[in-house]
Amino acid sequence: MSEFAKRMEVMEEAALAIKNAFSAATNPQTISFTLGSIAKECLPVDKFKEIVDDIMTKEGRGFELLSYGPVAGIKDLRDVVVTELLAPKGVQAEADNILILTGGLEAMNLMCQLYIEPGDVILVESPTFFHSVEIFRMFEAECIPVAMDENGMIVEELEEKIKKYNPKMVYVIPTFQNPTGITLSLERRKKIAELGSKYNVIILEDDPYRDIRYSGEDLLPIKAFDKTGHTVMANSFSKIFSPGSRIGYIYANDEIIAKMTDAKSATNSHTSMLPQAVCAEFFKRGYYPAQHKLLCDVHRGRRDAMLESIDKYFPKEAKRTSPDGGLFTWVELPEYMNAEELLKESLASPDINVAFISGEAFFSEGGKGSNCMRLSFGANTPEQTKTGIERLGKLIKSKLR
Ligand SMILES: Cc1ncc(COP(=O)(O)O)c(C=O)c1O
């Protein structure tokens, strides 16, 4: 048989972490803190059905939605992005600068199609989202880490590494970052936009969690400070509407959108019509404010349950982040502990059986994070979280030296 392309080997490690996360999440015996999913109570099943029943008729939009559609995405959804999602966040966009995508992750894929030659450098946060790294590696990019602190990516180090490596892109998840839950400070947002312009490098701002904030003040996105078009904003409807609908979007300048439209056309013609139309209609019918409140109320409770349980059941040597929103908490255990081994032991013991993602998967540089874990709090009720963290806490305490 023909040989597989080299890229299939380089992306193997990141791909395995994703497969493991999904398999733990689908075992009904396991309490799983693996996936970045929103609560199923927040999926708008009834409203979705109501809208489909209304619009999928021959007189209505049935023929349009079952036909080929525009590469850029349907106009009413692009308008929704501009008026309902970007304008309230201080970003004044035109619908022509929005491209609707098949899930937010497609942004990373298309950006690589546009910019990445094998060996090109992408600067990423350390740690960062492994699914994006999987895509970057598929394009044979070299991911170089930039350290973070409690205010996000450290901009002094970023500037040094831009000078040193001449990267094609800087990949940043500014709000309630995956995996740490950390939010990039306002000052650093401004600075990163400036660095993009100063060094002529693309800033890929991936911000799918920004709308699910449970405490603290909203911050303007990096894109709001971009005066030269170097920042490209990627976003998703997965955390505010439905991940299974696979809709996301990108906002960029004319030149980038034109190229990306060509790349999208060559990749999958356009995003599925029905979910786009239902999502647009959901916003146009005024359902989003109540949906947004529900999302924040439910996940605030789940976050609180996670943080309180960690404080109560984990040993005091464990350090955790304090996310103001999103779906993740990051825990650092004493250095001598190995999270991957804990995970294996947890899954092999029927009276523990709790899954999480061990930290190493999130470090593009390898060899780091073995004492860390990402705990997602979106998919479990507060009671399940309490039970899971109590069980995990016992296991961790048994390893204390
Ligand atoms: C940081 C980040 N970017 C992008 C995505 C992509 O989401 P989707 O492709 O489901 O829209 C996710 C999903 O978990 C994410 O955490």
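## Ground rules

Because the model is predicted, local features need pLDDT of at least 70 and side-chain atom pairs count only at pLDDT 80 or more, while totals for chains, interfaces and linings use all residues. Residues are numbered from 1 along each chain as its sequence is written, and side-chain values use heavy atoms, with hydrogens and water left out.

Helices (H or I, at least four residues) and strands (E, at least two) are DSSP runs, numbered from the N terminus.

## A four-stranded sheet

Let's start with an open sheet of four strands, ordered β10-β11-β14-β13 and paired antiparallel. The edges are held by β10 (319–320) and β13 (357–358), each with a single partner strand, so one side of each has no neighbour in the sheet. Two strands pair here if DSSP finds at least two bridges between them. In general, strands of a sheet pair through backbone hydrogen bonds, either parallel or antiparallel.

Now go through the pairs. β10 and β11 are antiparallel over two bridges, and R320 has V331 of β11 as its bridge partner. β11 and β14 are joined by five bridges, again antiparallel, with V331 opposite M373 in β14. Strand β11 (residues 328–332) is largely enclosed by the rest of the structure, because four of its five residues are buried. Buried means under 20% relative accessible area, exposed over 50%, and partly exposed in between (1.4 Å probe, protein chains only).

## The largest pocket

Rolling a probe the size of a water molecule over the atoms shows where empty space is left. The search uses a 1 Å grid over the protein atoms alone: a cavity is a set of points where a 1.4 Å probe fits but cannot get out, a pocket is an open set with protein on both sides within 12 Å along at least five of seven lines, and lining residues have an atom within 4 Å of a point. Grid points are joined across faces, edges and corners, and a volume is the space filled by probe spheres set on the points.

The largest pocket has a volume of about 1,000 Å³. Its lining counts 44 residues, and F22, L35, G36, S37 and K239 are the closest to its centre. At least two lining residues come from each of α2 (12–25), β1 (31–32), α6 (105–115), α7 (130–138) and β14, with α2 giving the most, at four. By type, the lining divides into 21 nonpolar, 16 polar and seven charged residues. Here Ala, Val, Leu, Ile, Met, Phe, Trp, Tyr, Cys and Pro count as nonpolar, Asp, Glu, Lys and Arg as charged, and the others, Gly among them, as polar. Domain 1 (6–43 + 290–397) and domain 2 (45–284) each supply at least three residues of this lining; the domain bounds come from an automatic or database domain assignment.

Leaving aside neighbours within four places in sequence, E134 is in contact (heavy atoms within 4.5 Å) with M11, A14, A15 and I18.

L85, D207, P208, R210, D211, N235, S236, I240 and Y249 line the cavity, dividing into four nonpolar, two polar and three charged residues.

## Backbone details

Most residues other than glycine have a negative phi, and most peptide bonds are trans. A cis peptide bond joins S126 and P127, with omega about 5°, and another cis bond runs from N178 to P179, with omega near 20°.

Phi is positive, near 50°, at N166 and near 50° at F176. N166 sits in the loop between α8 (155–165) and β6 and counts as exposed at 65% relative accessibility. F176 lies in the loop between β6 and α9 and counts as buried, at 0%.
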